[in-house]
Amino acid sequence: MRLRVLLLCWFGLVATLARAQDVPAAPAPTGAATAAPKRQLPAVRITEVIKLDGQLDEAAWQQATPATDFIQNRPNPGPHEKHPTEVRILYDDAAIYVGAVMHDVSPDSILRELTPRDGFGNTDFIGVFFDTYHDQINGYGFFVTTGGVQMDCRYSPAGGEDFNWNAVWDSRTAVRGTDWVAEMRIPYSAIRFSSAEAQLWGINFMRQRKRDNQAFFWNEVKPQVDGFVNQWGELRGVTGIKSPLRLSLTPYVSAYVNHYPFKQQGIRNTSTSFNGGADIKYGINESFTLDATLVPDFGQTLSDNQVLNLSPFEVQYNENRAFFTEGTELFNKGNLFYSRRVGATPIGFGDVKGQLRKSRRLDDGGRVPGEVVVTNPGVTRLLNATKVSGRTSKGLGVGVFNALSNDVYATVRDSVDGSERQVLTQPFSNYNIVVLDQSLKNNSYVSLINTNVTRWGSTYDANVTGGLFRFANKKNSYAVDGRLIYSRRRGTVFNSADAIDDQNGYKYQVSVGKISGNFTWNVGQGIESDTYNPNDLGILFGNNNISQYANFNYNKYKPFWKVNNLYTWWSINHSLLYRPTRYQNMNFAGGANTTFTKSFLTTGFNFDVNPVNHDFYEPRTYPLGEYYVRVPANVNVGGFVSSDYRKKFALDLNGGVRAYAQDDRFDRPRRLGIGATISPRYRVNNKLNFRYSLDWSRSRNQIGFVNGGLSNDEPLDKVFEGQRPLGRRRVTTITNTVSAAYTFTNRMSLTVRTRHYTSTVQYNEFIGLAPGGKETTVAYQRNRDNTFNAFNVDAAFSWWFAPGSQVSIVWKNANATSLDANAATPLYFDNLSNTINTPHNNSVSVKVLYYLDYLALRPRRAS
């Protein structure tokens, strides 16, 4: 629970930072919290061919009315632009065209760093936004930089600004004297819209002028008004267009060479594999699209940041597989879908050793060896995955996701006769999600989500159903949000006859608050029952909670004194155990951040104050309520500084200290937590850049569950009989990450990322925990010190040789070791040397994707 409270505080700070630096905004007059009037722009239908060359020399461009007079939103919201922008819209039966001219003072004022796709970098850009159903909640964004780098994203209440979404479209840019020009062609196959004869779309344009860190919108977007898409203008005059047959096939072939020095007789160090499959997109109608991946290959995804997990909760890893990140905003409603569950570690992965035939002693004193594990796959290979999603002209969003995984087996070998047998670790499984999301007036919505996991054989199935709503008033100044979720599991524990013990559970949460204006607030309350469990397709960090909270924000968006803005926040959180109803924790938190006007130095601080807490999760005893670890009152203070990224050299610094009160029950040293991060970056030129990050943290006299638990085979562990094993320990963690990127062109790049992680646990004393939080020192003689090292290199060359088509070459080097007892060491360079000198897995792969569009192939077939 302490972790959850800290995450709430952290997300509050991140939200203010994101709003300060990333979300385009421009204010109304002082005190106004209503959206600006919606500008209107007519589009012009054309019959002539537009050549994308950055020239805008076709006559049709001059016939279109330009969108001009952009309004600055950063760093000084409100003023009109001094260097004019002109954007025009054309369309035909196949695509919509955007032509933009950005005037400036000199060529040197136009910054033009090259980055990989979807990277903004130190460069100017122009962006266009479309709300094709005019529901004022969901939209598309298309951007292009001065160097021709493309970026695209989706906007939705669930996904926010989602740059994982990628579309196939084309663009060209050119610098013409003191101006730069951009042309975009966005085919109708890249977006979805209604079948109405006359279309009414929301539209907006954004220009970034990086030299002065300025950003402008055509239709004013006020930061004190809640929402983004609802503050766009209107595009009129688009008539007689029809959604094309959206059918594309992206086949792939890939080849892998893997090397691991097993150094064992009969086992080859090198293996090869060849794979093939395809992604399919099919437009079912003008609103809905089917996406399917057949025999997917995710071997080139970025390596996970492995860590030593001392917490009672699992580690949540980022999703790096494109199919599960693109266009999934509907499926992320309610946070009930953790896509890493699909193709995850088999549910019986950790139980294989328990099913081995053990060695046995003979009457004559000899011993017959038992079975050993030969292979135990750590991932579940998917057979296919499919998603259907879209939104009707009435604002009803519908999403259906389905994936199938095959049986997974571990191979075990008899040590006597060498015979082998298969042990099932994951049965054939079906993963399914259905979402209905109705957009309403005033930036409101109601949603229904259902997730289902069905497994074949003697095990259990899981189902979760949730309803969400948000209702805002007409002025979009106040809103009430809520959710009610029911989880249901039926069957027996895998490889057991025991019935699942958390068959029915629920969660609800409701909040109300002021959502617009310089001062905003919300208060809420929620419950997670002790049997609520969405973990088969979602992720949960502790249930059995009753929580109450209040959040407050006061922001100044206009420059004053020597700063551009000021963002502040405060929160109060209180939590009880649901069953039995007992106090868990209370938390007071706050923070602020600002950016200085001349230096563009961003700095901020955060703090939280916690009275004595009761941690019911740390003892790892269920049901909760009998055992808990008493956490003394503590205070955390942290801060950060981030310099101007326009400079060749930039630096990010942050740190924090958490100080604990003396635990008056014992004569123990006080706990203390310290952490710091230093991250310099250097841009050599517009193509090459480097970044380094050093993260260091230390927790002294931390009281926690003895990692690794106890073993029935260890006589020394019996000293904890009837108690839960705790330890007073020092935990030191160091992470070094070095990244480099060289971008050859706007379609070709090379990136390299190297990460070394080491975390060491040193125990000073051991403690037996009895019910009611009672602790007693235990004379435990077993050395439980531990050091975990992880090392990864990810090097990727990517070439987009045609729209939607790519060649990628990836080298991955990976190693992870765990050193226990006397082998554990807190010395960093000893750990680094150990990591380098132990066997590494090396993988080199080549993958080719080729995008085939039915509309492009059709003329060839007719010729």
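Start by colouring residues 40-244 as domain 1 and residues 314-540 as domain 2, the two domains into which the protein chain is divided. Keep in mind that this is a predicted model.

**The domain interface**

Next, select the residues where the domains touch: 21 residues of domain 1 are in contact with 22 residues of domain 2. Together the two domains bury about 1,700 Å², with carbon and sulfur atoms making up 48% of that area. Now zoom in on D135 and R391, whose side chains form a salt bridge with an N to O distance of 4.0 Å. Between domain 1 and domain 2 the count is 3 salt bridges. Polar contacts link 10 residue pairs across the interface.

**Two cis peptide bonds**

Move to R74 and P75, which are joined by a cis peptide bond with omega of about -5°. P75 is in the loop between β3 (71-74) and β4 (85-91). Then jump to Y622 and P623, where the peptide bond is also cis and omega is near 5°. Look for P623 in the loop between β35 (613-615) and β36 (629-631).

**Two positive phi values**

Most residues other than glycine have a negative phi. Select L56, though, and you find a positive phi of about 55°, in the loop between β2 (44-45) and α2 (59-63). L56 is buried, at 12% relative accessibility. Finish at F600, with phi near 55°, in the loop between β33 (582-595) and β34 (602-610). F600 is buried too, with a relative accessible area of 14%.

Note on methods
Residues are numbered from 1 along each chain as its sequence is written. This is a predicted model: local features need pLDDT of at least 70, side-chain atom pairs count only at pLDDT 80 or more; totals for chains, interfaces and linings use all residues. Side-chain values use heavy atoms; hydrogens and water are left out. Domain bounds come from an automatic or database domain assignment. Contact means heavy atoms within 4.5 Å. Buried area is the accessible area (1.4 Å probe) that two parts lose on being put together, summed over both. A polar contact is a pair of N or O atoms within 3.5 Å; within protein, one must be able to donate a hydrogen and the other to accept it, and residues adjacent in sequence count only if both atoms are side-chain atoms. Helices (H or I, at least four residues) and strands (E, at least two) are DSSP runs, numbered from the N terminus. Buried means under 20% relative accessible area, exposed over 50%, partly exposed in between (1.4 Å probe, protein chains only).
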